[in-house]
Amino acid sequence: MAIVVEILNAAGTKVAQLGERECGCSTRRVINAEWMVTLSYPVPPADAGDDKSIYFLQGYKIRLLDTADSTTRTFIISKPVSERKESGAIIKTVSGDHASIVEFNSRVMTACKRGVTPSTVLAYLLGFTTGYTSGTVEPTAKMDIRYLGWETIQSAIQKVLVATGAEMDVTSAGAVSLYTRLGSDNGVCVLVGKNIDAIKNTLYFNKIVNKVYGVGGGQPVLTIAGARHVVGSITGGVITVLGNKVVPENDSWNTYKVKFQTGAQTGNSFTINDCAHGTTSDSITLASTPSPAVVAGDKFSITDSGGVEVNFIRAGASIATTGTIEGVFTDSKYTNATNLVECPALDGTYDGSGLCEKWTQEGGGTVLAAETNPAYVQYGTKSQKVTGSANAQGLSQILGVTSGNYYSCSAWVYIASGTVKFQI
């Protein structure tokens with residue numbers, strides 16, 4: 001195999017040819033990055049032959065011809081440099097970028113001027129590709145990009161991502177989309193420049209509630225379903241919610257109820273037949289059309305089938321895909337403290353009578369059971385339920401203490417009815 005080096009003028013006409021003994025030539029290509037040529041040409045003395053370096057002009061082209069199969073590669077000269085050796089010989093070093101890359105840069109710079117929308121730039125870039133189309137583009141603000149040499153479509157789109165603070169996703173059908181929060185539909189939030197392995201969450205708090213369940217999309221990716229939500233619009237029995245932080249996943253609220261807190265239907269509840277999580281607005285389909293009519297701006301909450309407002313709902317599809325993680329929070333103020341209470345969260349093994357291990361039943365007639373309803377569980381996955389009808393009925397645990405030490409004791413008690421005594 002032999003390579004012939006040809007020099008073309010700006011019009012593409014061949015003006016000179018270099019043999020392999022006249023110069024040194026090398027190419028360098030990085031996939032999805034640069035593709036360039038470097039030509040080293042010793043300038044011959046005045047009486048030793050033609051000086052072909054007069055054709056090494058910026059804008060001229062270097063064409064490499066492979067004599068084995070007649071294939072060519074064309075590069076546009078961008079940087080000719082002269083160097084004089086100690087012997088007095090002059091070496092011309094010429095650099096060039098692949099012509100297709102230079103052409104691409106020129107077209108993009110012409111078509112995508114400063115102050116254009118991300119969707120305009122993405123659609124134009126993908127126009128150079130085969131099999132790829134522009135999908136969802138969430139960033140809408142106009143952007144400015146400094147054109148410092150886009151080598152490929154991929155690096156061009158990367159500059160759009162940096163300029164917009166977005167993340168890119170490509171479907172199997174070839175739709176390229178830009179998202180401000182990639183992964184939110186799966187219950188996670190991927191930030192710009194981060195990935196799952198690199199994300200670290202720093203929490204600043206003065207109170208911790210560890211009974212939190214993810215509910216799917218949104219940023220933050222958690223919504224308090226018991227909050228008051230606002231009707232954006234309603235057609236028949238289909239409510240378009242003002243925002244997309246109500247419905248965690250498609251069908252997740254089915255069989256629950258919408259309870260209106262304001263408007264003509266204040267205090268009335270309607271069973272949910274269907275619901276869907278949307279990119280900008282969620283939708284809820286009621287089993288019947290409210291009459292008198294519900295209007296935009298009316299507020300509602302979500303209740304269970306019995307009418308009790310819910311504070312959260314488990315994201316079933318997300319949990320099925322990614323699983324769940326349970327952790328333990330330790331207050332740094334008590335790093336060196338020892339908890340003398342055994343099975344303090346009351347989430348251990350329960351015996352046949354419904355009593356949690358390590359605890360003793362107090363008083364007769366008490367009905368004990370393991371409570372697994374998350375609404376009544378402060379830590380872990382279950383707690384001790386106590387139903388008593390007289391004083392001193394409940395449960396206890398005897399602890400060993402030592403004189404001269406400080407001790408503190410606290411308890412979380414959910415009172416369904418009646419009164420409770422916490423005694424040390």
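This is a predicted model: local features need pLDDT of at least 70, side-chain atom pairs count only at pLDDT 80 or more; totals for chains, interfaces and linings use all residues.
Two strands count as paired here if DSSP finds at least two bridges between them. Strand β11 pairs with strand β12 (residues 238-241) in the antiparallel sense, over four bridges. Within this pairing, Ile 234 sits opposite Ile 239 of β12. The two strands make a hairpin with two residues between them, and Gly 236 there takes a positive phi near 65°. Strand β11 also pairs with strand β16 (residues 299-303), again in the antiparallel sense, this time over two bridges. In that pairing, His 229 has Phe 300 of β16 as its bridge partner.

Stepping back to the whole chain, the protein has four helices and 20 strands. Of its 424 residues, 29% count as buried.

Next comes an open sheet of seven strands. Going across, the order is β2-β1-β5-β6-β7-β4-β3, and the pairing is antiparallel. The edges belong to β2 (14-18) and β3 (24-29), each with a single partner strand, so one side of each has no neighbour in the sheet. On average, neighbouring strands in this sheet are turned by 30° against each other, if direction is ignored. Inside the sheet, strand β5 (residues 61-66) and strand β6 (residues 72-84) pair in the antiparallel sense over five bridges. Here Arg 63 finds its bridge partner in Thr 74 of β6.

Another strand with two partners is β10 (residues 175-179), which pairs with β8 and with β9. Strand β10 is mostly covered, with four of its five residues buried. On the β8 side, strand β8 (residues 133-137) runs parallel to β10, and three bridges join the two. Thr 133 stands opposite Ala 175 of β10. On the β9 side, strand β9 (residues 167-170) pairs with β10 in the antiparallel sense, over four bridges. Glu 167 faces Tyr 179 of β10 across this pairing. Strands β9 and β10 also form a hairpin, with four residues between them. In the turn of that hairpin, Gly 174 has a positive phi of about 90°.

Helix α2 (residues 118-126) and helix α3 (residues 153-164) pack with their axes 10 Å apart, at an angle of about 175°. Angles over 145 degrees count as roughly antiparallel, and α2 and α3 are therefore roughly antiparallel to each other. From α2, the contact takes in Pro 118, Val 121, Leu 122, Leu 125 and Leu 126. These residues meet Ile 153, Ala 156, Ile 157, Val 160 and Thr 164 of α3. Sorted by class, the contact has nine nonpolar residues, one polar residue and no charged ones.

Terms used:
Residues are numbered from 1 along each chain as its sequence is written. Side-chain values use heavy atoms; hydrogens and water are left out. Axes are lines fitted to C-alpha atoms, for helices over the stretch in contact, and angles run from 0 to 180 degrees between N-to-C directions. Angles under 35 degrees count as roughly parallel, over 145 as roughly antiparallel, 65 to 115 as roughly perpendicular and the rest as oblique. Contact means heavy atoms within 4.5 Å. Ala, Val, Leu, Ile, Met, Phe, Trp, Tyr, Cys and Pro count as nonpolar, Asp, Glu, Lys and Arg as charged, and the others, Gly among them, as polar. Buried means under 20% relative accessible area, exposed over 50%, partly exposed in between (1.4 Å probe, protein chains only).
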